Amino acid sequence: MHFSSEQRLDDAVVEREFTLGEIPGILWTPAALSPDSAPAPLILIGHPPLGLGRMYPRLAGRARHYVAEYGFAAATIELPGCGVRPRWAAAEQARADLRRAMAVESGGAVGGEIIDALILPLVDRAVPEWQAVLDELLALPGIGGPVGYEGGVISIGVRLAVVEPRIVAAGLFAGSLVPAAVFEEARRATIPLHVLLQWDDEGNDRQAALDLFDAFGSREKTLHANLGGHTGVPQFELDTGARFFARHLTGEPR
């Protein structure tokens with residue numbers, strides 16, 4: 001892992017950009033973190049495939065809250081085929097097929113084969129990358145487990161919740177483009193889950209999101225549904241999610 005820049009965002013947070021092979025990412029840590037301090041729990045922050053640069057303001061806002069208010073470390077990475085990473089022909093074709101399927105003239109129906117072609121290869125590539133980055137992050141001085149995952153493409157979060165034992169809790173953002181195979185994976189999830197659903201999300205199928213929540217096999221799973229569209233998540237939910245992670249990553253209720 002190579003760190004290419006470092007800046008102090010305020011008195012409490014240090015932001016460092018890094019690369020691991022061809023994977024760019026950002027790490028946020030408490031400014032007071034040192035090899036002698038207690039290891040900071042880590043939260044992996046996912047995002048939609050819109051590019052890390054475009055998503056930076058929202059990601060940095062969430063990360064700074066976790067770091068400054070709760071003492072966590074937080075990290076995110078660029079998804080395969082997105083942002084500054086090389087384009088991926090199959091993914092570009094799948095996105096074009098999705099746009100056509102959602103066009104008014106086609107009635108807006110999206111077939112399972114289109115969803116599979118768009119999402120499953122992304123999950124298959126992104127999850128091993130997250131795991132490789134996690135290996136490197138947990139080897140850094142001052143950062144330790146347990147680990148949480150939040151946000152991003154919900155299918156990636158489901159896969160990580162099932163296959164990555166170092167992740168002990170996940171906060172997921174409900175979305176409807178979920179392959180049938182991911183529903184089956186969700187039944188094998190056992191870690192605590194905190195799921196956000198925007199009730200009037202113009203781009204997501206509410207019933208599909210509810211069906212996925214029902215499919216999760218976790219004994220502890222909580223659904224927070226709020227009125228409003230995709231970008232209308234209330235600010236208080238950020239603190240609700242942080243308290244969820246505080247409970248499961250530190251054992252300390254906040």
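Biologist: Are Y66 and F245 buried or exposed?

Modeller: Both Y66 and F245 are buried (under 20% relative accessible area; exposed is over 50%, partly exposed in between, with a 1.4 Å probe and protein chains only). Keep in mind that this is a predicted model, where local features need pLDDT of at least 70, side-chain atom pairs need 80 or more, and totals for chains, interfaces and linings use all residues. Residues are numbered from 1 along each chain, and side-chain values use heavy atoms, without hydrogens or water.

Now the helices (DSSP runs of H or I, at least four residues, numbered from the N terminus). Helix α1 covers residues 52-70 and helix α7 residues 236-249, and they pack at about 55 degrees with axes 11 Å apart (axes are lines fitted to C-alpha atoms over the stretch in contact, and angles run from 0 to 180 degrees between N-to-C directions). On the α1 side, R62, H65, Y66 and Y70 make the contact, meeting L238, D239, A242, R243, F245 and A246 of α7 (contact: heavy atoms within 4.5 Å).

Next, the rings. The whole structure has six aromatic pairs (ring centres within 6.5 Å; planes under 30 degrees apart are stacked, over 60 edge-to-face, the rest tilted; Trp uses its six-membered ring). Y66 and F72 form a tilted one, 6.4 Å centre to centre with 50 degrees between the planes. F72 counts as buried because its relative accessibility is 0%. Y66 also pairs edge-to-face with F245, at 6.1 Å and 90 degrees. That pair links Y66 in α1 to F245 in α7, 179 residues apart. Ring pairs join Y66, Y70, F72, F244 and F245 into a cluster.

Definitions and conventions: Helix = DSSP H or I, 4+ residues; strand = E, 2+ residues; numbered from the N terminus.
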